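Hi there,

Here is the structure I said I would pass on. Please have a look at it first, and then read on for what I found.

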Amino acid sequence: MESLLKTWDGECTIVSFDQPTGAWIFIAIHSTRLGPATGGTRMRSYPDPQSALRDALKLAAGMTYKYAVHGFPRGGGKAVLAVPPDLTTQSRADLLRRYGSLIQELNGLYYTGPDVGTSPVDMDIIAETGAPYVFCRTPAKGGAGDSGPATALGVFAGMQAACERVFGDASLQGRHVLVQGAGSVGESLIERLLAAGAMVSFSDVDDVIVRRFRDELGLPFVPQEAVYDTQCDIFAPCALGGILNQENIPRLKCRVVVGAANNQLGEPEDAEGLVARGILYAPDYVVNIGGAMAITGMEAMGWSPAQADKEVMGVRASLKKVLELADAEGITTESAARRIAEERLSMGPLKKYPPH
Ligand code: PHE
(Lines give C-alpha, C1' and ligand atoms only; values in the text may rest on other atoms or scores of the structure.)
Protein backbone atom coordinates (compact mmCIF):
# COMPACT_ATOMS: atom_id res chain seq x y z
CA MET A 1 0.00 0.00 0.00
CA GLU A 2 2.89 2.30 0.79
CA SER A 3 4.25 2.17 -2.74
CA LEU A 4 0.78 2.75 -4.23
CA LEU A 5 0.38 5.90 -2.14
CA LYS A 6 3.89 7.13 -2.81
CA THR A 7 3.66 6.84 -6.57
CA TRP A 8 0.17 8.30 -6.93
CA ASP A 9 -0.12 11.77 -8.46
CA GLY A 10 -3.20 12.83 -6.45
CA GLU A 11 -3.63 15.24 -3.54
CA CYS A 12 -4.37 13.03 -0.55
CA THR A 13 -5.88 9.74 0.54
CA ILE A 14 -7.90 9.14 3.69
CA VAL A 15 -7.56 5.62 5.03
CA SER A 16 -9.73 4.20 7.77
CA PHE A 17 -10.03 0.64 9.03
CA ASP A 18 -13.54 0.02 10.34
CA GLN A 19 -13.04 -2.23 13.39
CA PRO A 20 -16.64 -3.40 13.87
CA THR A 21 -16.97 -4.77 10.31
CA GLY A 22 -13.36 -5.31 9.27
CA ALA A 23 -13.97 -3.08 6.24
CA TRP A 24 -11.37 -0.74 4.78
CA ILE A 25 -12.44 2.76 3.80
CA PHE A 26 -10.31 4.58 1.24
CA ILE A 27 -11.25 8.09 0.18
CA ALA A 28 -8.94 9.22 -2.62
CA ILE A 29 -8.82 12.93 -3.41
CA HIS A 30 -7.09 13.20 -6.77
CA SER A 31 -7.55 16.86 -7.69
CA THR A 32 -9.54 19.80 -6.37
CA ARG A 33 -8.20 22.12 -9.06
CA LEU A 34 -11.59 22.62 -10.76
CA GLY A 35 -13.78 22.24 -7.67
CA PRO A 36 -14.54 20.06 -4.66
CA ALA A 37 -13.69 16.39 -5.14
CA THR A 38 -16.87 14.55 -6.15
CA GLY A 39 -17.14 10.87 -6.91
CA GLY A 40 -19.10 7.77 -6.15
CA THR A 41 -18.79 5.32 -3.29
CA ARG A 42 -17.86 1.87 -4.51
CA MET A 43 -18.68 -0.95 -2.12
CA ARG A 44 -17.57 -4.49 -2.78
CA SER A 45 -15.22 -7.22 -1.67
CA TYR A 46 -11.64 -7.30 -2.89
CA PRO A 47 -9.04 -10.04 -2.64
CA ASP A 48 -6.90 -7.74 -0.46
CA PRO A 49 -6.85 -4.09 0.72
CA GLN A 50 -4.13 -3.18 -1.81
CA SER A 51 -6.46 -4.00 -4.70
CA ALA A 52 -9.15 -1.83 -3.14
CA LEU A 53 -6.75 1.08 -2.68
CA ARG A 54 -5.47 0.69 -6.23
CA ASP A 55 -9.05 0.84 -7.49
CA ALA A 56 -9.81 3.96 -5.42
CA LEU A 57 -6.72 5.80 -6.66
CA LYS A 58 -7.37 4.98 -10.29
CA LEU A 59 -11.08 5.75 -10.09
CA ALA A 60 -10.42 9.10 -8.40
CA ALA A 61 -8.04 10.12 -11.21
CA GLY A 62 -10.71 9.07 -13.71
CA MET A 63 -13.14 11.48 -12.06
CA THR A 64 -10.63 14.34 -12.41
CA TYR A 65 -10.32 13.72 -16.16
CA LYS A 66 -14.05 13.23 -16.52
CA TYR A 67 -14.87 16.69 -15.17
CA ALA A 68 -11.87 18.33 -16.86
CA VAL A 69 -12.73 17.08 -20.37
CA HIS A 70 -16.15 18.68 -20.01
CA GLY A 71 -14.97 21.77 -18.14
CA PHE A 72 -17.29 20.87 -15.28
CA PRO A 73 -16.49 22.60 -11.96
CA ARG A 74 -15.85 19.59 -9.74
CA GLY A 75 -12.70 17.77 -8.72
CA GLY A 76 -11.71 14.13 -8.89
CA GLY A 77 -12.30 11.88 -5.91
CA LYS A 78 -13.64 8.44 -5.18
CA ALA A 79 -14.29 6.25 -2.18
CA VAL A 80 -13.88 2.51 -1.97
CA LEU A 81 -15.41 0.55 0.88
CA ALA A 82 -13.74 -2.85 0.78
CA VAL A 83 -16.12 -5.01 2.75
CA PRO A 84 -16.08 -8.63 3.91
CA PRO A 85 -18.37 -10.74 1.71
CA ASP A 86 -20.74 -11.73 4.52
CA LEU A 87 -21.75 -8.31 5.87
CA THR A 88 -25.27 -8.27 7.40
CA THR A 89 -27.78 -5.57 6.46
CA GLN A 90 -27.49 -4.03 9.92
CA SER A 91 -23.70 -3.86 10.06
CA ARG A 92 -23.63 -2.63 6.47
CA ALA A 93 -25.91 0.30 7.44
CA ASP A 94 -23.81 1.05 10.52
CA LEU A 95 -20.67 1.07 8.39
CA LEU A 96 -22.32 3.52 6.00
CA ARG A 97 -23.17 5.81 8.94
CA ARG A 98 -19.58 5.76 10.20
CA TYR A 99 -18.43 6.45 6.65
CA GLY A 100 -20.90 9.39 6.55
CA SER A 101 -19.32 10.82 9.71
CA LEU A 102 -15.92 10.62 8.10
CA ILE A 103 -17.21 12.55 5.07
CA GLN A 104 -18.72 15.09 7.46
CA GLU A 105 -15.34 15.59 9.14
CA LEU A 106 -13.78 16.32 5.76
CA ASN A 107 -16.00 19.38 5.71
CA GLY A 108 -16.62 19.64 1.97
CA LEU A 109 -13.30 18.34 0.67
CA TYR A 110 -15.18 15.32 -0.70
CA TYR A 111 -18.75 14.88 -1.95
CA THR A 112 -20.11 11.49 -2.80
CA GLY A 113 -22.80 9.70 -4.82
CA PRO A 114 -23.52 6.09 -5.77
CA ASP A 115 -21.22 3.77 -7.67
CA VAL A 116 -20.90 0.00 -8.11
CA GLY A 117 -22.42 -1.62 -5.01
CA THR A 118 -24.28 1.40 -3.64
CA SER A 119 -27.70 2.91 -4.37
CA PRO A 120 -29.78 6.01 -3.59
CA VAL A 121 -31.14 4.18 -0.49
CA ASP A 122 -27.52 3.82 0.68
CA MET A 123 -27.02 7.54 0.02
CA ASP A 124 -29.97 8.22 2.37
CA ILE A 125 -28.15 6.27 5.08
CA ILE A 126 -24.77 7.95 4.45
CA ALA A 127 -26.51 11.33 4.49
CA GLU A 128 -27.85 10.70 8.03
CA THR A 129 -24.34 11.55 9.22
CA GLY A 130 -22.70 12.89 6.05
CA ALA A 131 -25.14 15.56 4.77
CA PRO A 132 -24.84 17.92 2.96
CA TYR A 133 -22.00 16.17 1.15
CA VAL A 134 -24.08 13.33 -0.27
CA PHE A 135 -25.70 13.41 -3.72
CA CYS A 136 -28.36 11.10 -5.19
CA ARG A 137 -30.48 10.53 -2.09
CA THR A 138 -33.92 9.16 -2.90
CA PRO A 139 -36.52 11.75 -3.95
CA ALA A 140 -38.43 10.93 -0.72
CA LYS A 141 -35.40 12.19 1.23
CA GLY A 142 -35.00 15.26 -0.96
CA GLY A 143 -32.39 13.94 -3.41
CA ALA A 144 -32.44 13.57 -7.18
CA GLY A 145 -32.32 9.75 -7.00
CA ASP A 146 -30.39 7.31 -9.14
CA SER A 147 -27.64 8.64 -11.40
CA GLY A 148 -27.81 5.61 -13.74
CA PRO A 149 -30.35 7.01 -16.23
CA ALA A 150 -28.37 10.23 -16.71
CA THR A 151 -25.15 8.28 -17.19
CA ALA A 152 -26.95 6.14 -19.77
CA LEU A 153 -28.15 9.26 -21.60
CA GLY A 154 -24.58 10.51 -21.90
CA VAL A 155 -23.34 7.13 -23.13
CA PHE A 156 -26.14 7.13 -25.69
CA ALA A 157 -25.07 10.60 -26.87
CA GLY A 158 -21.52 9.26 -27.15
CA MET A 159 -22.79 6.38 -29.27
CA GLN A 160 -24.42 8.87 -31.63
CA ALA A 161 -21.13 10.72 -32.09
CA ALA A 162 -19.27 7.44 -32.62
CA CYS A 163 -21.84 6.16 -35.15
CA GLU A 164 -21.72 9.42 -37.05
CA ARG A 165 -17.98 9.03 -37.36
CA VAL A 166 -17.79 5.34 -38.19
CA PHE A 167 -21.00 4.75 -40.15
CA GLY A 168 -21.65 8.29 -41.42
CA ASP A 169 -25.01 8.32 -39.62
CA ALA A 170 -25.65 9.18 -35.97
CA SER A 171 -28.79 7.06 -35.74
CA LEU A 172 -28.76 3.88 -33.64
CA GLN A 173 -31.59 2.40 -35.71
CA GLY A 174 -30.74 -1.17 -36.68
CA ARG A 175 -27.32 -1.11 -35.02
CA HIS A 176 -26.39 -4.14 -32.98
CA VAL A 177 -25.25 -3.10 -29.53
CA LEU A 178 -23.86 -5.59 -27.01
CA VAL A 179 -24.29 -4.23 -23.49
CA GLN A 180 -22.01 -5.83 -20.91
CA GLY A 181 -23.66 -5.39 -17.50
CA ALA A 182 -27.36 -4.60 -17.16
CA GLY A 183 -27.14 -2.84 -13.78
CA SER A 184 -28.24 0.69 -12.98
CA VAL A 185 -26.66 2.25 -16.09
CA GLY A 186 -26.87 -0.77 -18.41
CA GLU A 187 -30.57 -1.23 -17.83
CA SER A 188 -31.40 2.34 -18.65
CA LEU A 189 -29.10 2.28 -21.68
CA ILE A 190 -30.83 -0.85 -22.99
CA GLU A 191 -34.24 0.87 -22.73
CA ARG A 192 -32.97 3.89 -24.59
CA LEU A 193 -31.35 1.78 -27.31
CA LEU A 194 -34.48 -0.28 -27.85
CA ALA A 195 -36.55 2.91 -28.09
CA ALA A 196 -34.10 4.15 -30.74
CA GLY A 197 -34.57 0.99 -32.80
CA ALA A 198 -31.24 -0.67 -32.01
CA MET A 199 -30.79 -4.44 -31.78
CA VAL A 200 -29.62 -5.12 -28.26
CA SER A 201 -27.96 -8.17 -26.77
CA PHE A 202 -26.64 -8.26 -23.24
CA SER A 203 -24.40 -10.04 -20.80
CA ASP A 204 -24.53 -10.13 -17.00
CA VAL A 205 -23.21 -12.31 -14.22
CA ASP A 206 -26.28 -11.92 -11.98
CA ASP A 207 -28.90 -14.67 -12.51
CA VAL A 208 -31.82 -12.46 -11.48
CA ILE A 209 -30.84 -9.82 -14.04
CA VAL A 210 -30.25 -12.46 -16.74
CA ARG A 211 -33.69 -13.97 -16.17
CA ARG A 212 -35.33 -10.58 -16.34
CA PHE A 213 -33.77 -9.41 -19.59
CA ARG A 214 -33.59 -12.77 -21.34
CA ASP A 215 -36.81 -14.44 -20.22
CA GLU A 216 -39.12 -11.49 -19.61
CA LEU A 217 -37.89 -9.02 -22.22
CA GLY A 218 -36.67 -11.65 -24.71
CA LEU A 219 -33.27 -10.04 -25.29
CA PRO A 220 -30.48 -12.28 -26.61
CA PHE A 221 -28.15 -13.20 -23.75
CA VAL A 222 -24.41 -13.53 -24.36
CA PRO A 223 -22.58 -15.61 -21.76
CA GLN A 224 -19.57 -13.97 -20.15
CA GLU A 225 -17.03 -16.18 -21.96
CA ALA A 226 -18.46 -15.24 -25.38
CA VAL A 227 -18.64 -11.46 -24.91
CA TYR A 228 -15.34 -10.65 -26.59
CA ASP A 229 -15.99 -12.93 -29.57
CA THR A 230 -19.48 -11.73 -30.38
CA GLN A 231 -20.08 -9.89 -33.61
CA CYS A 232 -21.73 -6.50 -33.04
CA ASP A 233 -21.55 -2.89 -34.20
CA ILE A 234 -21.04 -1.39 -30.77
CA PHE A 235 -19.65 -3.02 -27.66
CA ALA A 236 -20.82 -1.18 -24.53
CA PRO A 237 -18.92 -2.11 -21.35
CA CYS A 238 -21.20 -1.11 -18.46
CA ALA A 239 -19.91 -3.41 -15.71
CA LEU A 240 -16.54 -3.30 -13.97
CA GLY A 241 -13.34 -1.81 -15.41
CA GLY A 242 -10.08 -3.33 -16.64
CA ILE A 243 -11.90 -5.51 -19.16
CA LEU A 244 -10.03 -4.68 -22.38
CA ASN A 245 -6.55 -6.14 -22.67
CA GLN A 246 -3.92 -7.56 -25.04
CA GLU A 247 -5.54 -10.96 -24.86
CA ASN A 248 -9.10 -10.03 -25.81
CA ILE A 249 -8.66 -6.94 -28.02
CA PRO A 250 -7.51 -9.15 -30.95
CA ARG A 251 -10.73 -11.16 -30.55
CA LEU A 252 -13.21 -8.27 -30.64
CA LYS A 253 -15.66 -8.23 -33.54
CA CYS A 254 -17.12 -4.76 -33.08
CA ARG A 255 -16.47 -1.44 -34.84
CA VAL A 256 -16.92 0.77 -31.81
CA VAL A 257 -16.45 0.59 -28.03
CA VAL A 258 -18.61 3.07 -26.09
CA GLY A 259 -19.67 2.28 -22.56
CA ALA A 260 -20.17 3.50 -19.03
CA ALA A 261 -17.71 1.38 -17.03
CA ASN A 262 -14.88 3.38 -15.46
CA ASN A 263 -11.29 2.45 -16.43
CA GLN A 264 -12.14 0.06 -19.27
CA LEU A 265 -8.60 -0.30 -20.54
CA GLY A 266 -6.36 -2.71 -18.62
CA GLU A 267 -3.34 -0.57 -19.61
CA PRO A 268 -3.23 2.83 -21.36
CA GLU A 269 -1.39 1.15 -24.30
CA ASP A 270 -4.47 -0.94 -24.98
CA ALA A 271 -5.82 2.18 -26.73
CA GLU A 272 -3.22 1.49 -29.43
CA GLY A 273 -4.30 -2.12 -29.69
CA LEU A 274 -7.82 -0.93 -30.45
CA VAL A 275 -6.60 1.50 -33.10
CA ALA A 276 -4.59 -1.29 -34.71
CA ARG A 277 -7.79 -3.33 -34.95
CA GLY A 278 -9.63 -0.39 -36.55
CA ILE A 279 -11.96 -0.11 -33.57
CA LEU A 280 -13.07 3.33 -32.46
CA TYR A 281 -12.70 3.62 -28.70
CA ALA A 282 -14.67 6.33 -26.90
CA PRO A 283 -12.63 7.00 -23.74
CA ASP A 284 -14.78 5.98 -20.78
CA TYR A 285 -14.38 9.22 -18.88
CA VAL A 286 -15.51 11.26 -21.89
CA VAL A 287 -18.85 9.47 -22.23
CA ASN A 288 -19.73 8.43 -18.67
CA ILE A 289 -19.98 11.81 -16.96
CA GLY A 290 -23.78 12.00 -17.31
CA GLY A 291 -24.78 10.85 -13.82
CA ALA A 292 -22.22 12.90 -11.93
CA MET A 293 -22.92 15.94 -14.10
CA ALA A 294 -26.71 15.82 -14.05
CA ILE A 295 -27.09 15.11 -10.36
CA THR A 296 -24.44 17.57 -9.22
CA GLY A 297 -26.00 20.12 -11.57
CA MET A 298 -29.49 19.58 -10.19
CA GLU A 299 -28.61 19.24 -6.52
CA ALA A 300 -25.80 21.79 -6.21
CA MET A 301 -26.16 24.18 -9.15
CA GLY A 302 -29.90 24.67 -9.44
CA TRP A 303 -30.36 22.97 -12.81
CA SER A 304 -33.81 21.81 -13.88
CA PRO A 305 -34.11 18.20 -15.09
CA ALA A 306 -34.49 19.52 -18.66
CA GLN A 307 -31.31 21.54 -18.37
CA ALA A 308 -29.49 18.55 -16.91
CA ASP A 309 -30.52 16.43 -19.92
CA LYS A 310 -29.38 19.12 -22.29
CA GLU A 311 -25.98 19.42 -20.62
CA VAL A 312 -25.54 15.64 -20.60
CA MET A 313 -26.31 15.51 -24.33
CA GLY A 314 -23.21 17.72 -24.63
CA VAL A 315 -21.25 14.44 -24.40
CA ARG A 316 -21.90 14.09 -28.11
CA ALA A 317 -20.03 17.31 -28.90
CA SER A 318 -17.28 16.53 -26.39
CA LEU A 319 -16.61 13.14 -27.95
CA LYS A 320 -16.68 14.66 -31.42
CA LYS A 321 -13.99 17.10 -30.34
CA VAL A 322 -11.87 14.25 -28.96
CA LEU A 323 -12.24 12.25 -32.20
CA GLU A 324 -11.29 15.27 -34.29
CA LEU A 325 -8.20 15.98 -32.21
CA ALA A 326 -7.14 12.33 -32.38
CA ASP A 327 -7.48 12.43 -36.18
CA ALA A 328 -5.71 15.74 -36.61
CA GLU A 329 -2.77 14.75 -34.41
CA GLY A 330 -2.60 11.08 -35.35
CA ILE A 331 -2.93 10.05 -31.70
CA THR A 332 -5.29 7.67 -29.91
CA THR A 333 -8.64 8.93 -28.68
CA GLU A 334 -7.37 8.20 -25.15
CA SER A 335 -4.37 10.50 -25.65
CA ALA A 336 -6.55 13.17 -27.25
CA ALA A 337 -8.98 13.14 -24.33
CA ARG A 338 -6.11 13.26 -21.87
CA ARG A 339 -4.64 16.24 -23.67
CA ILE A 340 -7.93 18.16 -23.56
CA ALA A 341 -8.34 17.34 -19.85
CA GLU A 342 -4.81 18.37 -18.98
CA GLU A 343 -5.11 21.65 -20.83
CA ARG A 344 -8.28 22.41 -18.93
CA LEU A 345 -6.66 21.50 -15.62
CA SER A 346 -3.75 23.79 -16.33
CA MET A 347 -6.19 26.65 -16.95
CA GLY A 348 -7.89 26.23 -13.57
CA PRO A 349 -11.56 26.75 -12.73
CA LEU A 350 -13.84 27.66 -15.60
CA LYS A 351 -16.45 30.35 -15.87
CA LYS A 352 -18.75 28.24 -18.06
CA TYR A 353 -20.94 27.19 -15.14
CA PRO A 354 -21.47 30.18 -12.85
CA PRO A 355 -21.92 29.28 -9.17
CA HIS A 356 -25.54 29.02 -8.21
N1 PHE B 1 -20.60 6.70 -10.17
C2 PHE B 1 -20.50 8.05 -10.64
C3 PHE B 1 -19.34 8.14 -11.64
O4 PHE B 1 -18.46 7.29 -11.70
C5 PHE B 1 -20.22 8.94 -9.49
C6 PHE B 1 -21.23 9.96 -9.10
C7 PHE B 1 -22.58 9.79 -9.25
C8 PHE B 1 -20.80 11.14 -8.56
C9 PHE B 1 -23.46 10.78 -8.92
C10 PHE B 1 -21.68 12.14 -8.20
C11 PHE B 1 -23.01 11.96 -8.37
O12 PHE B 1 -19.26 9.08 -12.38
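Between which strand and which helix does the loop that holds N263 lie? N263 is in the loop between strand 9 (256-257) and helix 8 (270-276).

Before the rest, a note on the source. This is a predicted model, in which local features need pLDDT of at least 70 and side-chain atom pairs count only at pLDDT 80 or more, while totals for chains, interfaces and linings use all residues. Residues are numbered from 1 along each chain as its sequence is written, and side-chain values use heavy atoms, with hydrogens and water left out.

**The ligand**

Eleven names to keep at hand are T38, G40, M63, K66, K78, P114, D115, C136, S147, N262 and A292, which surround the ligand.

On its own, the ligand has 330 Å² of accessible area, and the protein covers 94% of it. A polar contact is a pair of N or O atoms within 3.5 Å; within protein, one must be able to donate a hydrogen and the other to accept it, and residues adjacent in sequence count only if both atoms are side-chain atoms. Accessible areas come from the Shrake-Rupley method with a 1.4 Å probe, and for residues only the protein chains shown count as cover.

The ligand takes up the space of the largest pocket. Strand 3 (37-44) and helix 2 (49-70) are the elements that give two or more residues to the shell. A pocket is found on a 1 Å grid over the protein atoms alone, as an open set of points where a 1.4 Å probe fits, with protein on both sides within 12 Å along at least five of seven lines. A molecule sits in one if more than half of its atoms lie within 2 Å of its grid points.

**Backbone details**

Back to N263: its phi is near 55 degrees, a positive value in a residue other than glycine. N107, in the loop between helix 3 (89-106) and strand 5 (110-114), also has a positive phi, near 60 degrees. Are these two residues buried or exposed? N263 is buried because its relative accessible area is 17%, whereas N107 is exposed, at 60%. The cut-offs are under 20% for buried, over 50% for exposed, and partly exposed in between.

There is a cis peptide bond between A131 and P132, with omega about 5 degrees. P132 lies in the loop between helix 4 (120-130) and helix 5 (148-167).

**Other contacts and distances**

S201 in strand 7 (residues 199-203) and H176 in strand 6 (residues 176-180) have side chains joined by a polar contact of 2.8 Å. S201 is buried at 4%, and H176 counts as buried at 17%.

T230, in the loop between helix 7 (207-216) and strand 8 (234-237), reaches the backbone oxygen of A226 with its side chain at 2.7 Å. At 19% relative accessibility, T230 counts as buried.

M123 is in helix 4 and is buried, with a relative accessible area of 0%. Its C-alpha atom is 6.4 Å from that of C136, 13 residues apart along the chain. C136 is one of the residues around the ligand.

Best wishes

How values were computed:
Near = heavy atom within 4 Å. 1 Å grid on protein atoms, 1.4 Å probe; cavity = no way out; pocket = protein on both sides within 12 Å on 5 of 7 lines; lining within 4 Å. Helix = DSSP H or I, 4+ residues; strand = E, 2+ residues; numbered from the N terminus. Buried < 20%, exposed > 50% of the residue type's maximum accessible area, 1.4 Å probe, protein only.
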